Amino acid sequence: MLRFVQSAVRMSTRVVGQHSRVTSAAALTTTATRNFSLKHRDGWLEIEETGRGAYQNVVNDGRHVTLADEPGNIEGGLDSGMNPYGFLLAGLGACTSMTVRFASIFFFDRSIVRRHRCLLYLLFTRMYARKKDLPLDKVRVLLRHDRIWARDCNICQSEKGRVDVIDVDVQLIGDNLTDDDRAKLMHIANSCPVHQTLNRETVVKVNEIDEELNQIVQEHTAKAKKV
């Protein structure tokens, strides 16, 4: 338990220590540039190099701006933001925490959860839910990504090569939570939408932006520099 608390403290320290760096990401883009994705590509996320270090990128969804980077022990890395796998784990961890919180407020019948397997369905159809308000004070999620040999994994389908393993440790903080409450919340934690996305077939399509859109970007950037 002490190691768990120390890990949580270390994580908190790193987040606080990098707050100024994350905030400074907004200074790397003008308002016009930050709104580019929202205006021309609604629903898209935009990643763009800043020219600082070898890997620093601005991550922009039109409303929020942060930095992605590589650690300082990698040549060219400035350690000014999380690396790509950090963002992957952050998405899964935040989704898990939010899903558990939602489940603490609205109780779902387990048979319904098993039937649909996707909390997105449940989140938007509260007709299956009734007000519960479990005494959950706080949720803390710790995650770790690793790659191991398939032969060393007794639950993996692959038999050759390496497989990706993500460990997710969920801490449910609440003195008045019963064992049954904890079991229900942990059952729901395994059904967060991002978890489901990672577990099912996912198609990633990578395309080069065409010349017409490139021209729009250049014109937009030129206007932004004049602002």
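Strand S2, residues 57-60, is covered on both faces. Asn-57 and Val-59 lie on one side, Val-58 and Asn-60 on the other, and all four are buried. Buried here means under 20% relative accessible area; exposed means over 50%, and partly exposed lies in between (1.4 Å probe, protein chains only). In a regular strand the side chains alternate between the two faces of the sheet. Strands are DSSP E runs of at least two residues, and helices are H or I runs of at least four, numbered from the N terminus.

This is a predicted model: local features need pLDDT of at least 70, side-chain atom pairs count only at pLDDT 80 or more, and totals for chains, interfaces and linings use all residues. Residues are numbered from 1 along each chain as its sequence is written, and side-chain values use heavy atoms, with hydrogens and water left out.

Now the partners of S2. Strand S1, residues 46-49, runs antiparallel to S2, joined by four bridges. Strand S3, residues 65-68, is also antiparallel to S2, again with four bridges. Two strands pair if DSSP finds at least two bridges between them. Val-59 of S2 stands opposite Ile-47. In S3, the bridge partner of Val-59 is Thr-66. The hairpin of S2 and S3 has four residues between the strands. There, Gly-62 takes a positive phi near 95 degrees.

Next, helix H5. It covers residues 84-105, 22 residues in total. H5 reaches 32 Å from its first C-alpha to its last, close to the 32 Å expected at 1.5 Å a residue. The expected span is 1.5 Å times one less than the number of residues. The buried residues of H5 include Leu-89, Leu-92, Thr-96, Val-100 and Phe-102. An α-helix has 3.6 residues a turn, so residues three or four places apart point the same way. Cys-95, also among the buried residues of H5, has a relative accessible area of 12%.

Which cysteines form a disulfide? Cys-153 and Cys-156 do, with their sulfur atoms 2.0 Å apart. The cut-off for a disulfide is a pair of cysteine sulfur atoms within 2.5 Å. The structure holds one such link. With 75 degrees about the S-S bond, the link is right-handed. Cys-153 is buried at 13% relative accessible area, whereas Cys-156 is partly exposed at 27%. Elsewhere, Cys-192 is buried, at 0%.

Finally, a charge over a ring. The charged end of Arg-162 sits over the ring of Trp-149, 4.2 Å from its centre. The rule requires NZ of Lys or CZ of Arg within 6 Å of the ring centre and within 35 degrees of the ring normal.
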